[in-house]
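Some questions follow on how terms are applied to one model. Each answer sets a value against its definition.

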Amino acid sequence: MYKRAAMNLELLWIYILSVIVFIITPGPVTALILKNTSSGGFKKAFWTILGTDFGSLILISFALLGILGIFNISNDFFTIFSFCGAVFIFFLGLRGLVADIGKNSANIAPKAKGAFSAGFILTVSNPKEIIFIMTFLPQFTQILPDLHASLALLVALWVGLDIFVLCAFSFGASKIKALESYSRYIGLLSDIILMFVGILGVAFYWGDFWAIVF
C-alpha cells in the first residue's frame, strides 16, 4: 500500500512565517512597490510585484543548484555581485529622486514594462535578498523526506506568499485616499530609502570588494 510521506509541520510553519516576515520587512522592494502604487495605482504596482517575484525565482534557482550540488557560487563572485547590486540600488534611487524632483507625480507613473523591469532588476541586485535566499532555503530541505519534493514545495510556497503578501500590501495602500495626494512625497521618500540601502550595501562589501579587485 502507498504510504503518504510525512511532512514536518513545525518546520513548514517556521518557513511560512519566516518568509512572510521577510517579505513585509521594509526595504527597497516595499519602497518601490509603495512608490509605484502611489503614482500609478495597483495595476502598475502589480507589474512591479511580478518583476520582483521573477527576480526571486532566479535567485532561488541558483540556491537550488547549490543545494543539489550542481553549481556553486564562489565567495569572490558573491561579493562582487552583491557590491555591484548595492551600487545599482543607489543609482536607481538617485535617478528616481532626480526624476521626482523635476516632474509632477502625474508624469512619473511607470509603464507596465518599466515597472516589471525595475522590480526584477532591483530584486536580483538586492544584497539582502541574495543573502537571505542563499542561506535560508537550505535550512528547510527536511520538510518532506524527499529532497526534490521539499524543494518544489519551498519554491511554490515562496512564490505564492510573495505575490499574495505584496499584492495585499499594494492593494491596501491603493485604497488609502490620501496616498495619491502625497504620491510625490512618497516617491521622494522611497528614492531616499533606495539610496540609503545602496550606501549601506556598498559600505558593507567595500573592504572585501577592494581586496578582490585590487
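**Cavity and ring pairs**

Q: Which residues lie nearest the centre of the largest cavity?
A: Of the 16 residues that line this cavity, Phe 22, Ile 23, Val 29, Glu 129 and Asp 162 lie nearest its centre. The model is predicted, with local features needing pLDDT of at least 70, side-chain atom pairs pLDDT 80 or more, and totals for chains, interfaces and linings using all residues. Residues are numbered from 1 along each chain as its sequence is written, and side-chain values use heavy atoms, without hydrogens and water.

Q: What makes a space a cavity, and how many of 30 Å³ or more are counted?
A: On a 1 Å grid over the protein atoms alone, a cavity is a set of points where a 1.4 Å probe fits but cannot get out, and lining residues have an atom within 4 Å of a point. By this rule there is one cavity of 30 Å³ or more. The largest cavity holds about 150 Å³, a volume being the space filled by probe spheres set on the points.

Q: Why is the aromatic pair of Tyr 15 and Phe 136 called stacked?
A: Rings of Phe, Tyr and Trp (its six-membered ring) pair if their centres lie within 6.5 Å, and planes under 30 degrees apart count as stacked, over 60 as edge-to-face and the rest as tilted. The structure holds 15 aromatic pairs. In the pair of Tyr 15 and Phe 136, the centres are 5.5 Å apart and the planes 15° apart, so the pair is stacked.

Q: Are Tyr 15 and Phe 136 buried or exposed?
A: Both Tyr 15 and Phe 136 are buried (under 20% relative accessible area; exposed is over 50%, partly exposed in between, with a 1.4 Å probe and protein chains only).

Key:
1 Å grid on protein atoms, 1.4 Å probe; cavity = no way out; pocket = protein on both sides within 12 Å on 5 of 7 lines; lining within 4 Å.
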